[in-house]
Amino acid sequence: MGIDQSTICDAITSMKIVEFRYKGSWRTAEPHALGYNQRGKLTLCAWQLSGGSGADWRDFHVELISEFIVTDDTFQEPRPGFNPCDKTLSTVVCSV
């Protein structure tokens with residue numbers, strides 16, 4: 001059983017920083033949008049703060065996320081350059 005979609009959307013709408021394991025590596029990120037990509041995969045679009053390949057925009061397939069933790073830390077506004085209707089997501093479920 002994967003991560004509950006409502007848990008991710010709650011983190012996004014409340015602008016809470018999240019931590020999770022993705023492909024064996026711990027990540028810390030500011031979640032910005034959840035939706036379906038062109039292949040129908042549920043995808044989290046986030047600004048990765050640490051872990052993996054460093055700070056930048058990243059797309060995470062939800063089916064590969066485990067140990068999802070919503071922290072008490074928040075971010076104040078969307079990162080510059082954020083566009084919830086960008087080419088990554090064909091359907092947006094929730095967004096900042």
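## Strands and their pairing

Two strands count as paired if DSSP finds at least two bridges between them. Helices (H or I, at least four residues) and strands (E, at least two) are DSSP runs, numbered from the N terminus. The model discussed here is predicted, so local features need pLDDT of at least 70 and side-chain atom pairs count only at pLDDT 80 or more, while totals for chains, interfaces and linings use all residues. Residues are numbered from 1 along each chain as its sequence is written, and side-chain values use heavy atoms, with hydrogens and water left out.

Let's start with β1. Strand β1 runs antiparallel to β2, and 5 bridges join them; Y22 stands opposite S25 in β2. The hairpin of β1 and β2 has 2 residues between the strands, and K23 takes a positive phi near 50° there. Strand β1 is also antiparallel to β5, again with 5 bridges, and V18 has V70 of β5 as its bridge partner.

## Aromatic pairs

A pair of aromatic rings is described by the distance of the centres and the angle of the planes. Here, rings of Phe, Tyr and Trp (its six-membered ring) pair if their centres lie within 6.5 Å; planes under 30 degrees apart are stacked, over 60 edge-to-face, and the rest tilted. The structure holds 5 aromatic pairs. One of them is F20 with F68, stacked at 6.0 Å centre to centre with 20° between the planes. Because F20 lies in strand β1 (residues 16–22) and F68 in strand β5 (residues 65–74), this pair ties together parts that are 48 residues apart in sequence.

Another pair is Y22 with F60: the ring centres are 4.9 Å apart and the planes stand at 80°, so the pair is edge-to-face. Y22 belongs to β1 and F60 to strand β4 (residues 56–61), 38 residues apart. Ring pairs link F20, Y22, F60 and F68 into a cluster.

## Burial and the nonpolar core

Buried means under 20% relative accessible area, exposed over 50%, and partly exposed in between (1.4 Å probe, protein chains only). F20 and F68 are both buried, and so are Y22 and F60.

A nonpolar core is a set of buried Ala, Val, Leu, Ile, Met, Phe, Trp, Tyr and Cys residues joined through side-chain atoms within 4.5 Å. The largest one has 17 residues, and those with the most contacts inside it are I8, F20, L34, L44, F60, I65 and F68. Two or more residues each come from α1 (5–13), β1, β2 (25–37), β3 (42–50) and β5, with α1 giving the largest share, 4 residues.
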